[in-house]
Amino acid sequence: MSRAEPADTLEQLLRATAAGDAQSFRRLYDATSSHLFGLLMRMLKRRDWAEEALQDCYLKIWQKADTYAPEKGQPLTWLMTVARYRALDLLRIKRPEVEMPDEDEAPPMTFADGSSDDPQLRAVESEGLKRLQGCMGGLAEEQRRSVLLAYYEGYTHQELAQALNAPLGTVKSWVRRGLQRLRECLDG
């Protein structure tokens, strides 16, 4: 993974890209594509899908660079958000390609909202989700955001530090303490 350009450089490249400067767009791609590709690989788990999504991302970035608003976040965070949404779109589109198990091999049906057709399993899942939500609500804001981004969105510590604009050691501490508090809460 290449080292990211400073945020002000990326911001300038985005502004120039929005103005139609192809050379700046190329520099933006060179500076950030490895970060976006890493995220896409983690989310999509397939190189061919990640490559397809990366191409779509930069097409979207070329077309929508003028919508980047510096007051809302760092340039790399905006680019990662574009990539994340593209990966989620691709997963929705590709999902029908996933082979379904035979009926006798299938686990109890679980629906997208987390519910199941097995009443006992549904009760256990519902209770577990309520406990988890309650425990997440007890975390400090920075711990909750760090844990969600790390375990739901797949951010690395380095990406968290950039996204949250905080030192790497602080972010590691937020994740570690957040997980420790979650464990204590769920065990209690």
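In this predicted model, the largest nonpolar core comprises 29 residues. Those with the most contacts inside this core are L14, L36, L40, L44, I61 and L79. Four helices each supply at least two of its residues: α1 (7-18), α2 (22-44), α3 (47-64) and α4 (75-94). Helix α2 gives the most, with 9 residues. In soluble globular proteins, nonpolar side chains tend to be buried together.

The surroundings of I61 were examined individually. Leaving aside residues up to four places away in sequence, I61 touches L14, T17, F25, L28, L36, W78, L79 and V82. Of these partners, L14, L36 and L79 are listed with I61 among the core residues with the most contacts. A further core lies apart from the largest one. This other core has 9 residues, including Y155, L160, A166 and V171.

Aromatic pairing was considered next. The structure holds 4 aromatic pairs. One is formed by F25 and Y58, whose ring centres are 6.2 Å apart. Their planes meet at 65 degrees, so the pair is edge-to-face. F25 belongs to helix α2 and Y58 to helix α3; the pair therefore ties together parts 33 residues apart in sequence. Both F25 and Y58 are buried.

Y68 and W78 form another pair, with ring centres 5.7 Å apart. The planes of these two rings stand at 65 degrees, so this pair is also edge-to-face. Y68 sits in the loop between α3 and α4, while W78 is in helix α4. The pair therefore ties together parts that are 10 residues apart in sequence. Y68 and W78 are both buried. Ring pairs also link F25, Y29, Y58 and W62 into a cluster.

Helix packing was examined for α6 and α8. Helix α6 spans residues 141-151 and helix α8 residues 168-187. Their axes lie 8 Å apart, at an angle of about 95 degrees. Angles of 65 to 115 degrees count as roughly perpendicular, and α6 and α8 are therefore roughly perpendicular to each other. On the α6 side, the contact is made by E142, Q143, S146, V147 and Y151. Helix α8 contributes W174, V175, R177, G178, L179, R181 and L182. By class, the residues of this contact divide into 6 nonpolar, 3 polar and 3 charged.

Definitions and conventions. Residues numbered from 1 in each chain as written. Predicted model: local features only at pLDDT ≥ 70, side-chain atom pairs only at ≥ 80, totals over all residues. Heavy atoms only, no water. Axes fitted to C-alpha atoms, helices over the stretch in contact; angles between N-to-C directions. Parallel < 35°, antiparallel > 145°, perpendicular 65-115°, else oblique. Contact = heavy atoms within 4.5 Å. Nonpolar A, V, L, I, M, F, W, Y, C, P; charged D, E, K, R; others polar. Core = buried A, V, L, I, M, F, W, Y, C linked by side-chain atoms within 4.5 Å. Buried < 20%, exposed > 50% of the residue type's maximum accessible area, 1.4 Å probe, protein only. Phe/Tyr/Trp six-rings, centres within 6.5 Å; stacked < 30°, edge-to-face > 60°.
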